[in-house]
Amino acid sequence: MNGRITFEPDHKSVSVSPGTTVLTAAGKARVLIRSRCGGNASCLMCKVTAEQPAGLSPISANERHKLGPLADQGIRLACQARVIGEATVVVPEDPLRAAVRAQLAKQQEEDLW
Ligand code: FES
């Protein structure tokens, strides 16, 4: 039986083999999750929020250590969490995209005056 993961807020779902990392599944779904360490749990850029955590592998001691208090708030590292069933995660907006969007909104607001 395949695993299935949905990425919010894009509402993109993909079926993957059980044990596939969330980061790899995101690539398959064409969802951008930032990463810099190649999945070695060292850059901590791949944080996602687990909305449906039962479909993900249990958090490892190493991942918990890396995340600290965030681990208790449903945050997972996409490169460490593996899809084992039906899962949903929320991917934070890319900071560059958020900055551009905020700047465009500000400019649009100024153009109204
Ligand atoms: S990809 Fe670097 S910590 Fe996950």
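1. **Fold order.** Along the sequence, the elements of this predicted model run β-β-α-β-α-β-β-α. That comes to three helices and five strands. Helices (H or I, at least four residues) and strands (E, at least two) are DSSP runs, numbered from the N terminus. Residue numbers start from 1 along each chain as its sequence is written, and side-chain values use heavy atoms, with hydrogens and water left out. Since the model is predicted, local features need pLDDT of at least 70 and side-chain atom pairs count only at pLDDT 80 or more, while totals for chains, interfaces and linings use all residues.

2. **Overall dimensions.** The C-alpha trace spans about 55 × 30 × 25 Å along its principal axes. The chain has 113 residues, and 35% of them are buried. Buried means under 20% relative accessible area, exposed over 50%, and partly exposed in between (1.4 Å probe, protein chains only). Of the contacts (heavy atoms within 4.5 Å) with a separation of 6 or more, 60% link residues 24 or more positions apart.

3. **Strand pairing.** Two strands pair if DSSP finds at least two bridges between them. Strand 1 is antiparallel to strand 2, with five bridges. Here Ile5 has Val14 of strand 2 as its bridge partner. Strand 1 also runs parallel to strand 5, again over five bridges. On that side, Glu8 stands opposite Val90 in strand 5. Strand 5 pairs with strand 3 as well, antiparallel and over two bridges. Ala50 faces Val89 of strand 5.

4. Strands 1 and 2 form a hairpin with three residues between them. Two backbone details deserve a look. The peptide bond from Glu8 to Pro9 is cis, with omega near 5°, and Pro9 sits in the loop between strand 1 and strand 2. His11, in the turn, has a positive phi of about 60°.

5. **The nonpolar core.** A nonpolar core is a set of buried Ala, Val, Leu, Ile, Met, Phe, Trp, Tyr and Cys residues joined through side-chain atoms within 4.5 Å. The largest one has 27 residues, and Ile5, Phe7, Val22 and Ile33 touch the most other members. At least two residues each come from strand 1 (3-8), strand 2 (12-16), helix 1 (22-28), strand 3 (47-50), strand 4 (75-77) and strand 5 (86-90). Helix 1 gives the largest share, four residues. As a general point, nonpolar side chains in soluble globular proteins tend to be buried together.

6. **Val22.** Beyond its neighbours within four places in sequence, Val22 is in contact with Ile5, Phe7, Ile33, Leu56, Ala78, Ala81, Val83 and Val89.

7. **Glu63.** Check this side chain in the viewer. Glu63 lies in helix 2 (residues 61-67). At 2% relative accessibility, Glu63 counts as buried. Not counting residues up to four places away in sequence, Glu63 touches Arg76, Leu77, Gln80 and Ala81. The C-alpha atom of Glu63 is 12 Å from that of Cys43, which is 20 residues away along the chain.

8. Arg30 has phi near 60°, a positive value in a residue other than glycine. Leu44, also not a glycine, has a positive phi of about 60°. Arg30 is exposed, at 73% relative accessible area. Leu44 is partly exposed, at 26%.

9. **Largest pocket.** On a 1 Å grid over the protein atoms alone, a pocket is an open set of points with protein on both sides within 12 Å along at least five of seven lines; a 1.4 Å probe is used, and lining residues have an atom within 4 Å of a point. Grid points are joined across faces, edges and corners, and a volume is the space filled by probe spheres set on the points. The largest pocket has a volume of about 250 Å³. Its lining includes Glu8, Pro9, Arg30, Val91 and Arg97. By class, that lining has five nonpolar, no polar and seven charged residues. Ala, Val, Leu, Ile, Met, Phe, Trp, Tyr, Cys and Pro count as nonpolar, Asp, Glu, Lys and Arg as charged, and the others, Gly among them, as polar.

10. **Second largest pocket.** This one holds about 150 Å³. Among its lining residues are Ile33, Leu44, Met45, Val48 and Pro95. The lining has eight nonpolar, no polar and four charged residues.
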